[in-house]
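Hi there,

Here is the structure I said I would pass on. Have a look at it first, and then read my notes below.

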Amino acid sequence: MPSPQRPLALLPCPCVLSEVDSCPHSVPGPCEPEDLIDGIIFAANYLGSTQLLSERNPSKNIRMMQAQEAVSRVKRMQKAAKIKKKANSEGDAQTLTEVDLFISTQRIKVLNADTQETMMDHALRTISYIADIGNIVVLMARRRMPRSASQDCIETTPGAQEGKKQYKMICHVFESEDAQLIAQSIGQAFSVAYQEFLRANGINPEDLSQKEYSDIINTQEMYNDDLIHFSNSENCKELQLEKHKGEILGVVVVESGWGSILPTVILANMMNGGPAARSGKLSIGDQIMSINGTSLVGLPLATCQGIIKGLKNQTQVKLNIVSCPPVTTVLIKRPDLKYQLGFSVQNGIICSLMRGGIAERGGVRVGHRIIEINGQSVVATAHEKIVQALSNSVGEIHMKTMPAAMFRLLTGQETPLYI
């Protein structure tokens with residue numbers, strides 16, 4: 001599970017919502033830990049999926065209300081599908097899909113029970129909440145693009161307050177006689193994965209309780225909060241670029257990195273004499289939010305690159321950008337060595353991040369290259385020394401990072417491919 005090189009990380013642990021047991025975080029549970037490492041299968045019926053809007057960190061009561069709302073929506077859709085199918089075929093309408101729900105310490109997969117084809121495949125860490133209500137199980141995962149409730153008045157979230165940033169939540173609904181066991185098994189899978197990870201890195205799980213870590217997290221404010229930066233009108237610009245028909249825009253874009261509140265592409269390089277460079281309006285590090293009215297927020301890098309390539313025959317391009325420096329400043333507050341930093345690093349590149357941990361709160365992003373730690377450059381520093389420096393740091397840990405792809409371009413390790 002961990003890499004051969006010693007990473008610094010903690011795995012996230014979501015809350016499991018149940019009418020009986022609200023949050024089983026400990027390893028004891030319905031399954032043997034060894035079985036969860038290999039993976040176990042539950043039989044279930046897949047009822048459907050829906051989306052909700054949610055605050056970033058809703059209360060447990062609101063989480064349960066969201067789960068109940070998701071169930072209600074799916075059942076309404078299911079009922080409508082039955083009526084439509086029965087009207088068309090004048091026969092018995094069956095809308096349930098029998099599935100095998102595979103649960104392990106690494107992922108949750110949904111397989112068609114008959115064909116064994118994969119219907120869904122989620123890395124375990126992407127599941128935000130699990131709820132069981134009677135014989136119903138709801139799996140909820142927060143999408144990456146934040147939206148305000150006013151932007152989508154059709155979808156509402158029970159208990160949500162107006163004026164707060166909202167997040168898209170995808171909810172999968174299943175029916176099973178083992179609903180409570182499924183929810184508890186998923187919660188146990190997180191705990192087993194977490195403790196196995198610590199043991200693999202020479203850490204005794206008993207030295208750090210989840211409650212201690214949560215108490216520290218709850219006392220810390222977000223640093224380098226993207227939403228604050230992005231909501232400042234001085235940082236947001238609408239630009240009009242002129243170009244010749246058949247001419248490429250002349251840019252290289254890279255991902256902003258997981259952990260960014262508004263994930264989109266970053267301008268990493270510009271071609272000398274190209275339209276982007278000629279305009280004088282863009283800078284390395286700028287995040288591109290939309291092109292000609294098409295939002296790039298939350299889209300894969302390849303999709304964004306395809307949109308930019310599609311501009312070749314246009315003579316005017318309208319960009320919405322947020323001016324950002326190419327280097328991200330990170331501040332991690334670690335009161336004691338017993339509190340794990342909550343991210344892993346390999347050869348100076350951040351490769352995983354604990355959701356909700358002190359590193360995420362400090363501005364750490366997956367895919368970024370660490371440039372500096374506490375004022376000391378680590379550009380040419382060996383992996384082991386970087387790990388040692390981070391392992392022994394307490395108090396305020398200051399870092400500077402940038403997207404690894406951008407770092408390679410700026411240091412001449414890669415040849416830019418302009419689009």
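Let's start with N45, which is buried, because its relative accessible area is 18% and the cut-off for buried is under 20%. Keep in mind as you read that this is a predicted model. N45 lies in strand β2. Leaving out residues up to four places away in sequence, N45 touches L96, T97, E98, V99, V173, F174 and E175.

One of those contacts, F174, comes up again in a ring pair. How many aromatic pairs does the structure hold? There is one. The ring centres of Y46 and F174 are 5.6 Å apart and the planes sit at 50°, so the pair counts as tilted. This pair links distant parts of the chain, with Y46 in strand β2 and F174 in strand β8 (residues 165-175), 128 residues apart. Both Y46 and F174 are buried.

Now for the nonpolar cores. The largest one has 25 residues, and I103, F174 and I186 have the most contacts inside it. Which elements give two or more residues to this core? They are β2 (40-54), β3 (97-103), β4 (107-112), β7 (136-148) and α3 (179-200). Helix α3 supplies the largest share, seven residues. As for I186, it touches I103, I108, L124, I130 and L139, again not counting residues up to four places away in sequence. There is also a second, separate core of 20 residues, and A276, C304, L311 and I321 are among its members.

C304 counts as buried because its relative accessibility is 0%. C351, on the other hand, has 37% relative accessibility, so it counts as partly exposed. If you were hoping for disulfides, a search of the whole structure finds zero of them.

Next, have a look at strand β20 (residues 395-403) and its partners. Strand β15 (residues 328-334) runs antiparallel to β20, and seven bridges join the two. Within that pairing, you can find V330 opposite M399 in β20. Strand β18 (residues 368-373) also pairs with β20 in the antiparallel sense, over five bridges. There, H368 stands opposite P403 in β20. While you are in that stretch of sequence, look at R369 too: its charged end sits over the ring of F407, 4.9 Å from the ring centre.

Is L301 buried or partly exposed? It is partly exposed, because its relative accessible area is 23% and buried would need under 20%. L301 is in contact with V253, V254, E255 and V265, leaving aside neighbours within four places in sequence. V254 is 47 residues away from L301 along the chain, yet their C-alpha atoms are separated by 6.8 Å.

Finally, some totals for the protein chain. Its secondary structure comes to 10 helices and 20 strands. Of its 419 residues, 48% are buried. Taking the contacts between residues at least 6 apart in sequence, 73% join residues at least 24 apart.

Happy exploring!

Methods. Residues are numbered from 1 along each chain as its sequence is written. This is a predicted model: local features need pLDDT of at least 70, side-chain atom pairs count only at pLDDT 80 or more; totals for chains, interfaces and linings use all residues. Side-chain values use heavy atoms; hydrogens and water are left out. A nonpolar core is a set of buried Ala, Val, Leu, Ile, Met, Phe, Trp, Tyr and Cys residues joined through side-chain atoms within 4.5 Å. Buried means under 20% relative accessible area, exposed over 50%, partly exposed in between (1.4 Å probe, protein chains only). Helices (H or I, at least four residues) and strands (E, at least two) are DSSP runs, numbered from the N terminus. Contact means heavy atoms within 4.5 Å. A disulfide is a pair of cysteine sulfur atoms within 2.5 Å. Two strands pair if DSSP finds at least two bridges between them. Rings of Phe, Tyr and Trp (its six-membered ring) pair if their centres lie within 6.5 Å; planes under 30 degrees apart count as stacked, over 60 as edge-to-face and the rest as tilted. A charge sits over a ring if NZ of Lys or CZ of Arg is within 6 Å of the ring centre and within 35 degrees of the ring normal.
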